[in-house]
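Here are my comments on the model you sent. They are set out as numbered points, to be read alongside the coordinates.

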Amino acid sequence: MAAEEARLLAWLHGPAGPGGPELSAYVAELAALGLAELGREPARLAAERARVGAETRRLAFEHYRAFIRSAECTGSAGRGFGGIESRLGSLLERLPALQDACRNFMRDAEEIACSRRMNSLTLNRHTEILEILEIPQLMDTCVRNGYYEEALELAAYVRRLEKKHSSIPVIQSIVDEVRQSAQLMLNQLVQQLRTNVQLPACLRIISYLRRMDVFTEAELRIKFLQARDAWLRSIQAAIPDDDPYFHITKTIEACRVHLFDIITQYRAIFSDEEPLVPAEGQALNEGAIFHGWVLQKVSEFLRTLERDLQRGVGARLDSLLGQCMYFGLSFSRVGADFRGQLAPLFQRVAAAAFAKAVEETVEKFREEMNSYTLISAPAVLGSSAAVPVPVAQPGTLQPPMVLLNFPPLACFLNGLLVAFNDLRLCCPVALAQDVTACLEDALREVTKTILAFHRAEEAAFSGREQELFIQFCTAFLEDLLPYLNRCLQVLFPPAQIAQALGVPPTQLQRFGRLGCIDVAALREPLAILLPPPGDEEEEPAPESSTPHPEGEEEE
């Protein structure tokens, strides 16, 4: 029975049957009816159908407006759904752009959130950040007010910041500004070395420069010497240059005091324990920098001394020599004794001054001989009256008084004595040969002048004039020349010359005529003008037989 119902249901449903639980229930109800009831079922169904149709027509007639509105609503809904569908299509087309915009919004939102977090963190660390940003201004203030210790600490802190955060632009700008302030600090420290600073200040300045780590050790030494040298040069440049003696004495004083202070400061700051001359294959040691600088300053002083000596210091050469020797002695304590280089300078100056004085004396002798007449001298002096000879004091050297009868010779001897007295103030033994040669050249010029006078006046000589001329030559050869030899022996004692040469005084003649005029060579040109030796003894010169005590000249 169940199988038949199933087949019937399958047939009723068909391929396009409506199907559903109501049909299944109706079929089950039909199955339960009897045959008579099944026969009446079609009529019941037709009647039910007619009733339903009449009910439907009645409903349609009564509610036609609702159906019209329903149809209109259905059409409107259909059209609305069509519009919605088209708009959904355009919406779907715009969804990718919306997705991209949303992604950008999310990204911007994340950046804004990150920036907000950074701003919040910045606000929380505002004090620390402000301190870092104020470092350049604080550094500049410390440098300009001389707080170098604090400035060095700030510079060290900024270097640590640079190592940790070198990629941050703000940190890099802070580093650049701090470097500018550090350069200003370096210039100020070097400029302080160019002033009159004492040793404690020098120690502080060099310690600051070492902590700045700008120079190597050799560069730091050179920079120190350059700065102190600039200060010393400024002091020397302030000395008036009008008077050579005043200029060189003030230069000696400035160099002796300030240069010695600089050397003391250098040795207290820097250590020079290395050997002065490095071994082969080694670089030049740093100690040679200082020694080279000292030699340069000594050379500059010697050049200044030589220039002022050449300009002329008058008769104060001995005082100047004493000051220079004391200067060199003080430098011997620092290993820079230059007294040995002073002797040639003063020797050349003394020799030049003596040569100039002798040349002027010879020129004056020529002028006097041009206007000299032999007959006038005895008349003026009074030839019949004996000239009183003053008694020589012990230890003095009395000039021959017979030369007063011949004014040109007397003036010539006075000029030489002035030159000798000036030379005696600074008279090195090494000048013995130069002074002797200069004096011999001058005497040869005098001899030539006497011969020229004789040639010019010989034709007009009277007997008295010829006799006076012979006395003139005799006084020159027998009195003036021996006296000059004695003067040279006083200036350059033979024992002192022998000691300087390291030979006994008895062997001094082997080295030539040191400190002694060659009288025989000077006598030879005038020998033809003098009578034979036998006749000369008949008329001896008044002073030729007078003994001359030897000793030092009077000042």
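1. Overall content. This is a predicted model. The protein has 555 residues, of which 32% are buried. Its secondary structure consists of 21 helices and zero strands. Of the contacts between residues at least 6 apart in sequence, 74% join residues at least 24 apart.

2. Helices α16 and α17. The axes of α16 (residues 407-425) and α17 (residues 432-457) come within 13 Å and cross at roughly 170°. Angles over 145 degrees count as roughly antiparallel, so α16 is roughly antiparallel to α17. On the α16 side the contact is made by F412, L416, F420 and L423, and on the α17 side by V435, L439, L443 and V446. By class, the residues of this contact are eight nonpolar, no polar and no charged.

3. Helices α16 and α18. Here the packing angle is about 5°, and the axes are 11 Å apart. The two helices are therefore roughly parallel to each other. From α16, the residues P408, L409, F412, L413, L416, L417, F420, L423 and R424 take part; they meet F472, A475, F476, L480, Y483, L484, C487, L488 and L491 of α18. The contact of α16 with α18 divides into 17 nonpolar, no polar and one charged. F412, L416, F420 and L423 of α16 are listed in the contact with α17 and again in the contact with α18.

4. Helices α4 and α5. Helix α4 (residues 64-124) packs against helix α5 (residues 126-133) at an angle of about 80°, with the axes 5 Å apart. An angle from 65 to 115 degrees counts as roughly perpendicular, so that description applies to α4 and α5. T122, L123 and N124 of α4 make the contact with H126, E128 and I129 of α5. By class, this contact has two nonpolar, three polar and one charged residues.

5. Salt bridges within a helix. The structure holds 25 salt bridges. In one of them, R58 pairs with E62, and the closest N and O atoms are 3.1 Å apart. R58 and E62 are four residues apart in helix α3 (residues 35-62), so about one helical turn separates them. R58 is partly exposed at a relative accessible area of 37%, and E62 is also partly exposed, at 44%. Another pair is R464 with E467, where the closest N and O atoms are 3.5 Å apart. R464 and E467 lie three residues apart in helix α18 (residues 463-491), again a separation of about one helical turn. R464 counts as partly exposed at 35% relative accessibility, as does E467 at 27%.

6. Which residue forms a salt bridge with E162? The partner is R179, with the closest N and O atoms 2.9 Å apart. This pair links distant parts of the chain: E162 is in helix α7 (residues 148-164) and R179 is in helix α8 (residues 169-193), 17 residues apart. R179 is partly exposed, its relative accessible area being 49%.

7. A salt-bridge network. Some salt bridges are joined to one another: D229, R233, K297 and E300 are linked in a network.

8. N485. Is N485 buried or exposed? N485, a residue of helix α18, has 11% relative accessibility; the limit for buried is under 20%, so N485 counts as buried. The side chain of N485 reaches the backbone nitrogen of I517 at 2.5 Å. Leaving aside neighbours within four places in sequence, N485 is in contact with G515, C516, I517 and V519.

9. D213. Although D213 is not a glycine, its phi is positive, at about 55°. D213 is found in the loop between α9 (199-212) and α10 (217-237). With a relative accessible area of 64%, D213 is exposed.

Key. Residues are numbered from 1 along each chain as its sequence is written. This is a predicted model: local features need pLDDT of at least 70, side-chain atom pairs count only at pLDDT 80 or more; totals for chains, interfaces and linings use all residues. Side-chain values use heavy atoms; hydrogens and water are left out. A salt bridge is a side-chain nitrogen of Lys or Arg within 4 Å of a carboxyl oxygen of Asp or Glu. Buried means under 20% relative accessible area, exposed over 50%, partly exposed in between (1.4 Å probe, protein chains only). Axes are lines fitted to C-alpha atoms, for helices over the stretch in contact, and angles run from 0 to 180 degrees between N-to-C directions. Angles under 35 degrees count as roughly parallel, over 145 as roughly antiparallel, 65 to 115 as roughly perpendicular and the rest as oblique. Contact means heavy atoms within 4.5 Å. Ala, Val, Leu, Ile, Met, Phe, Trp, Tyr, Cys and Pro count as nonpolar, Asp, Glu, Lys and Arg as charged, and the others, Gly among them, as polar. A polar contact is a pair of N or O atoms within 3.5 Å; within protein, one must be able to donate a hydrogen and the other to accept it, and residues adjacent in sequence count only if both atoms are side-chain atoms.
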